[in-house]
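Subject: Structure handover

Hello,

Here is the structure for you to look through. Please open it alongside these notes.

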Amino acid sequence: MSLPQLSPQLLDQQPELLPDYRRLLALPEKIIQFGTGVLLRGLPDYFVNKANAQGIFNGRIVVVKSTSTGGTDAFSEQKNIFSHSIRGIENGNQIDEAVINTSISRTLAAASEWAEIQECAHNAQLNIVISNTTEVGIQLTDDDIFASPPASFPGKLTAYLLERYKAFDGTPESGMVIVPTELIVGNGPKLKAIILEQARRHSLDDDFINWIEKHNHFCSSLVDRIVPGKPDAETIEALSQKQGFRDDLLIVSEVYRLWAIEGGQQVRDVLSFAQADKGVVIEPNIDLFRELKLRLLNGTHTLASGLSYLHGLDTVREAMENAETSQFIENVMLKELAPSIPYDVDLAQAQEFGRQVLDRFRNPFIRHQLIDITVQYTAKMKMRNIPTLLNHYQKSEEVPALFAKGFAAFLKFMKPIVHKDGAYYGERDGQPYSIRCDSAAYFDEKWQNAASPIDLAQQVLSDVSLWDTDLTLLPGFADAVKGHMTEPIVTGTSSL
């Protein structure tokens, strides 16, 4: 017998699944969220849902989809209700629980429902903006904020804030708390600067600009929770049978969660959902949280993903179960990255954080695909790892041998074998894999024109336009990378 689909109707029929669901579905809208991705649903939306269940925040989320979807839309069919499987280790105890999340009230497609999105700006209670539009989403573009809709996320947000300003005549109370979660340094001030520049480019009133500057809080934030993409068919089937219903929006995450938000008491008052979970931290300065996560968790992911994938492995868990890749991951994190974080952090604290990360990597329930970590590989390498590499050389003349090994694997991974319909594909064990990186065309040209892999490494390492510095000037680093470039790409249990 087929399982029923998660929906309000199912909750009506089986109220034991969520006894308080009628109250939760009736809560007012208080947040507008740009993005439907699993990270937003697994972290900010999780915290809001938890707070609602405790009667603390009592507000729901309007989600803006960047594009209109065709055909079946699970958000529409399930009235935005989804289930969240939380599995992993916490304080030595194995956790395996499921939550039905009712925090999302509506999903609106920007391409076809822009007027309805703008109408949300007239809701006085809706005074929070959350976003996650990928790491390249917060960029200044030649945008038209009067289009329906503007093309970029900052363009959309500028238009939305202008609508709100007009709706409430620019009162101080109508200002918003805006929390971007894109993984870039200073995401709050950077987004604010782009909004102000868009306002100037469009010759908007000085009063509007003053309202933006004085009465809207653009909070830098850091998100940290592993929420992989859509689970595999086996996991979906097992969880569906366990829960007793089918959920096309099902997400799975680890137990660990952190959302560090930069702000003071006024921000805390608005983001009252923070009271529901210790994973939300609101502090005047979150640099320490950002650096530890960015350099150790994300930085290790970036150095190890290509290497582990080319070794014939598919997930982070598999990499941690393989003796060679596991040793590489642990040593590059604790021995090379932790001592070189470009921030004043105690080494013991950094290594303790690193050991927690290693436990998270070993989570038996999470299938975090290595190929997904390589998305925008070049930008991630530059942002996450190059500052750590440069700081290493500020402290030591010793060549970071494992870093060089991971960097060489990155160069090998970025070797396109097939170019088709604007997409680039590498090859592992005779099978193609997608190179989903804005620099794929750059590497295609470099690999085709390089006299050898060593020449390729020399050209890429010395490209100041790519790294904002010449990496061949770091003593011994280029030679170490080139040494690995002459080794064959191997898979299975062969030597790395």
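Start at Gln-376, which is found in the loop between α16 (370-373) and α17 (377-395). Helices here are DSSP runs of H or I with at least four residues, strands are runs of E with at least two, and both are numbered from the N terminus. Gln-376 is not a glycine, yet has a positive phi of about 55°.

A word on the source. This is a predicted model, in which local features need pLDDT of at least 70 and side-chain atom pairs count only at pLDDT 80 or more, while totals for chains, interfaces and linings use all residues. Residues are numbered from 1 along each chain as its sequence is written, and side-chain values use heavy atoms, with hydrogens and water left out.

**Backbone**

Asp-421 also has a positive phi of about 55° and is not a glycine. Asp-421 sits in the loop between β13 (418-420) and β14 (423-428). At 78% relative accessibility, Asp-421 counts as exposed. The cut-offs: buried is under 20% relative accessible area, exposed is over 50%, and partly exposed is in between (1.4 Å probe, protein chains only).

There is a cis peptide bond from Ser-148 to Pro-149, with omega near 5°. Pro-149 belongs to the loop between β6 (128-131) and α7 (153-167). For background, most residues other than glycine have a negative phi, and most peptide bonds are trans.

**Overall fold**

The protein has 22 helices and 15 strands. Its C-alpha atoms fill a box of roughly 60 × 60 × 50 Å along the principal axes. The radius of gyration is 23 Å, which agrees with the value near 23 Å for a compact globule of 496 residues. That radius is taken over C-alpha atoms, and the globule rule is 2.2 Å times the number of residues to the power 0.38.

Of the 496 residues, 55% count as buried. Take the contacts between residues at least 6 apart in sequence: 75% join residues at least 24 apart. Contact means heavy atoms within 4.5 Å.

**Leu-204**

Leu-204 lies in the loop between α8 (187-201) and α9 (206-215). Leu-204 counts as buried because its relative accessibility is 13%. Leaving aside neighbours within four places in sequence, Leu-204 is in contact with Ile-145, Phe-146, Leu-162, Ala-199 and Ile-209.

**Second largest pocket**

The second largest pocket has a volume of about 640 Å³. It is lined by 23 residues, and the closest to its centre are Glu-90, Asn-91, Tyr-256, Gln-356 and Arg-360. On a 1 Å grid over the protein atoms alone, a pocket is an open set of points with protein on both sides within 12 Å along at least five of seven lines, where a 1.4 Å probe fits; lining residues have an atom within 4 Å of a point. Points are joined across faces, edges and corners, and the volume is the space filled by probe spheres set on them.

β3 (82-90), α12 (287-310) and α15 (347-361) each supply at least two lining residues. The largest share, six residues, comes from α15. By class, the lining has eight nonpolar, seven polar and eight charged residues. Ala, Val, Leu, Ile, Met, Phe, Trp, Tyr, Cys and Pro count as nonpolar, Asp, Glu, Lys and Arg as charged, and the others, Gly among them, as polar.

**Cysteines**

The disulfide count is zero, with a disulfide taken as a pair of cysteine sulfur atoms within 2.5 Å. Cys-120 is buried, at 3% relative accessible area. Cys-437 is buried too, at 10%.

Best wishes
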